[in-house]
Amino acid sequence: MPPDSPIGFIGLGTMGAPMALNLVRAGAPLVVWNRTSDRCAALEQAGATVALDAADLFARCETVLLMLENDTATDAVLCRHGPDFARRVAGRTIVSMGTVSADYSKHLSEHIRAAGGRYVEAPVSGSRKPAEAGQLVGMLAGDAEDVARLRPVLSPICKELVDCGAVPGALHMKLAVNTFLITMVTGLAEAAHFAARHGLEMSRFTDILNAGPMASDVSRVKLEKLARHDFARQAAISDVLKNNRLVVEAAREAGIASPLMDACLALYGETEGLGFADEDMISVIRAIEARTDRNSLVKAEKAGTT
């Protein structure tokens, strides 16, 4: 492969598609592939080259960015347990940008290095809108030389890139950040539910929060979605549940208490169980509402028996 070989990008989902578009718009020579091929159309129209398949992409590219849902999808793309694994990773830098378990990432790094490749963790903080605006925050872990070489590649995607040391430091950092995000949004949903069930004027509730010291870009966006009853996906319930589970599992393995994330895990699981897996994470309010309705029913039944 020539030194100016194009960048590969695999995984054009809710986050991956806008990230890849920002790379193309910044002038990066990009080769893309996605298991669902119709998602490549917008990238091709923007100037990216669409690979025939994953093997074709690896053959063309020295640096490959993976924005995949989980470890199973990552292993499949890399042919990790098959004869083509070494051919795909040897001499290449594999950049994992999705959120997987830290333990999985550590072992993947070892496997790639043993096959003659390089590996960098680069999970990002932010949802669809920051991804579209190129305003994500990237966390990088790997060999210093590989991380330094990757920074200009990711600059069209991320407004900040933070070095988190050796693998799996970036994923541990991402899980810590997600702990704050998930508990914050869940607390916002519960506060809005509390206000609504007390008959408070929701526009006043929103104005007070937006004007106060607790306001943030996230809270403003989620409050607006609650006010409009807009549950269109930015970060889906199913994705948040996966991330929540990764945090709890990592906490258990390290013997760390996670009382708030344990409560959130139950609530996001209930929301998914109610049929809202593809809605935005703020729809966790539906599980809170369902609990209130059950409590009210039990209270009414008890009152009827006395």
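Q: What should I keep in mind about the model and its numbering?
A: Residues are numbered from 1 along each chain as its sequence is written, and side-chain values use heavy atoms, with hydrogens and water left out. The model is predicted, so local features need pLDDT of at least 70 and side-chain atom pairs count only at pLDDT 80 or more, while totals for chains, interfaces and linings use all residues.

Q: At what angle do helix H9 and helix H13 pack?
A: Helices (H or I, at least four residues) and strands (E, at least two) are DSSP runs, numbered from the N terminus. Axes are lines fitted to C-alpha atoms, for helices over the stretch in contact, and angles run from 0 to 180 degrees between N-to-C directions. Here H9 (residues 169-197) and H13 (residues 259-273) pack at about 60 degrees, with axes 10 Å apart. That makes H9 oblique to H13; angles under 35 degrees count as roughly parallel, over 145 as roughly antiparallel, 65 to 115 as roughly perpendicular and the rest as oblique.

Q: Which residues of H9 and H13 meet?
A: Contact means heavy atoms within 4.5 Å. On the H9 side are Asn 178, Thr 179, Ile 182, Thr 183, Val 185 and Thr 186, and they meet Leu 260, Met 261, Cys 264, Leu 267 and Tyr 268 of H13.

Q: How does H9 lie against helix H10, and which residues make the contact?
A: The axes of H9 and H10 (residues 202-211) come within 10 Å and cross at roughly 140 degrees. That makes H9 oblique to H10. Leu 188, Ala 191, Ala 192, Ala 195 and Ala 196 of H9 make the contact with Met 202, Phe 205 and Leu 209 of H10.

Q: What does Val 177 touch?
A: Val 177 sits in H9. Not counting residues up to four places away in sequence, Val 177 touches Ser 125 and Met 139. Ser 125 is 52 residues from Val 177 along the chain, yet their C-alpha atoms are separated by 7.6 Å.

Q: How many residues are in the largest nonpolar core?
A: In soluble globular proteins, nonpolar side chains tend to be buried together. A nonpolar core is a set of buried (under 20% relative accessible area) Ala, Val, Leu, Ile, Met, Phe, Trp, Tyr and Cys residues joined through side-chain atoms within 4.5 Å. The largest one has 32 residues, and Phe 9, Met 19 and Leu 30 are among those with the most contacts inside it. Helix H1 gives the most to this core, with six residues.

Definitions and conventions: Buried means under 20% relative accessible area, exposed over 50%, partly exposed in between (1.4 Å probe, protein chains only).
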